[in-house]
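Let's look at how two protein chains meet. Keep the picture open while you read.

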2 protein chains.
Amino acid sequence: MKRKLLLVSNSTLHGGGGYLDHCQQQISHFFGKDVKKVLFIPYALHDRDNYTKTARDKFKTLGYEVESIHEASDPVEAVRKAEGIFIGGGNTFRLLKSLYDNKVVTEIQRRVMEDGVPYMGSSAGTNVATISISTTNDMPIVCPPSFNAIGLVPFNINPHYLDPDPNSRHMGETREQRITQYHEEPNTPSVLGLREGSMLLVEGNKATLLGTTKARLFSRGKPSVEYEPGSDLSFLLSDAHRPIK
Amino acid sequence: MKRKLLLVSNSTLHGGGGYLDHCQQQISHFFGKDVKKVLFIPYALHDRDNYTKTARDKFKTLGYEVESIHEASDPVEAVRKAEGIFIGGGNTFRLLKSLYDNKVVTEIQRRVMEDGVPYMGSSAGTNVATISISTTNDMPIVCPPSFNAIGLVPFNINPHYLDPDPNSRHMGETREQRITQYHEEPNTPSVLGLREGSMLLVEGNKATLLGTTKARLFSRGKPSVEYEPGSDLSFLLSDAHRPIK
C-alpha cells in the first residue's frame, strides 16, 4: 500500500496567518523534493480562476508549481499525469458533484492507492478523501449522484470539528449530536472530528495526528475518545473499522 | 388555492419553555376548532415512538389528538384521511428519505394544495415543505433519492437562521456565506432565513411573518433584506419568485 495522504481540517486558522500558513511546514515535508508540480482541484469554490491563483501563489512560496485541473483540456488525463494532488476546501457537495461530472473519482483513487501519488486535502478536500461526505458541515447546495467519496481511508472525517458552546442560546444541534445522529444509522464507520489546527498524515498503513489541536473520535455504540497531537491512529486504517456493506 | 401552512423555525426556543411552547398560541389558532386529530410525521428522528409521545403530550394540552404515521398500517392512506398534518424537526435528510421511501411526498402535496389540509412544519418539517432541502443546516447522514421536497411554497427556507458571531474564532463559513454559495448556482430561488422564534403563516396566496424575531430574505443577485414580525411576505408566493427550470 503506497498511499500517502495529508488531510487538513481547515485552510486558514484564526490567528494563524494566511491561506495554509498554519500547515506549510507539513505541506513541504509531505510533498518533499521529488514533487515539482501539484495538480490543484478548485471544484469546491465557484470562482475557480481566483481560487487557483490563491493556491498557486501559496505553493510557489513553498517551491511548487501548481497546475489546475480546470485549466486542463482533459481532467482525467491531468490526474493520470499528476505528481501530486491537492483538493482545496469550499462546498463539499459542489466539489463531489464536479468530481463525478468530470469522471475523476476512480482515477484519483487509482493514482493514490496504486501509484502512490501524494494526496493533500483541506476541509471539503479532506471530506471527499474519506468513505463518504455524510459528515460534512456544508449546505447541500447541489445534489451529487451519490454521497460515496474517493474512499482513500475506510472511515469518515468531520473537519472544522467544534466543541459545544456552553453559552450558546442557539437551539440547533451541536456537532456531537449531529455525528450521534449519523451513528444511529446502521453500518456507519467511525468519524474522526478534526478540530481546526489539526491534520492527519497517512503513510501506507500508518496514520499520525499532526498539528496543534486534539482530535475526537466517534465510533458507533462506543464513547467518544480524545487524541493528542502526535497520536498514532493507524488502527483506523484496518478493515475492522470499515463499515459492513 | 386552499393552501394553509404554519412553518416554524424551531421546536424549542432558548428561554421560551418546553417543546413547541413558544408557538402554541399560533398552533391553536392555525388548526382551529374544526381539526380534532393531527397526523404526526416523526421520520426526522430515530426514535419514532418517543418522538410521537412528545408531540402527542403537547398537542393534547392544546386539545388535539395525535395519530402518528409510523403507527399506521398504510402511510399513504393515513395522509389521505388526515384532517391536519404536522411534520416535526430532526435530521432533514433522514426525513426526506423516509417521505420518499413511504411514497407520501405527492400525496401530502395533493392534500395540502388541493384539499386545503392544514400543514404545520417545524425545523426539518419546514425545510421539506419548500422547493428543496438545499438550504438545510443538517448533516447528510443518509442520501435521499432527490433534494426536491414537497414544494408547498415556491422558495426555500433556512430554519434556525443565525447571524454571524463577531467574536467567533471558528473559520467555518457563516450561514450567510453558505446561502450566498447556494445563490452562486444558477436558477436558485429566494431563501427566507427564519431566526429561532419566527414562523411563516401561509393562507392561500397570503404569507405573514409571525413570532418574536425578524427574518432575513436572500435573493439571487440582490442585497438581503430584513423583515419585522407582522410583515406581509405574500410576494414570495408569486410565480415570479419560482426558479426557472
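## The meeting surface

How many residues does the contact take from chain A and from chain B? The contact (heavy atoms within 4.5 Å) takes 39 residues from chain A and 39 residues from chain B. About 3400 Å² is buried between the two chains, with carbon and sulfur atoms giving 58% of that. Buried area here is the accessible area (1.4 Å probe) that two parts lose on being put together, summed over both. In chain A, the residues losing the most area to chain B are His14(A), Met139(A) and Met171(A), together 19% of what that side buries.

This is a predicted model: local features need pLDDT of at least 70 and side-chain atom pairs count only at pLDDT 80 or more, while totals for chains, interfaces and linings use all residues. Residues are numbered from 1 along each chain as its sequence is written, chains are lettered from A in the order in which they are written, and side-chain values use heavy atoms, with hydrogens and water left out.

## Turning one chain onto the other

## Salt bridges

Between chain A and chain B, the count is six salt bridges (a side-chain nitrogen of Lys or Arg within 4 Å of a carboxyl oxygen of Asp or Glu). One of them joins Arg178(A) to Asp138(B), with the closest N and O atoms 3.5 Å apart.
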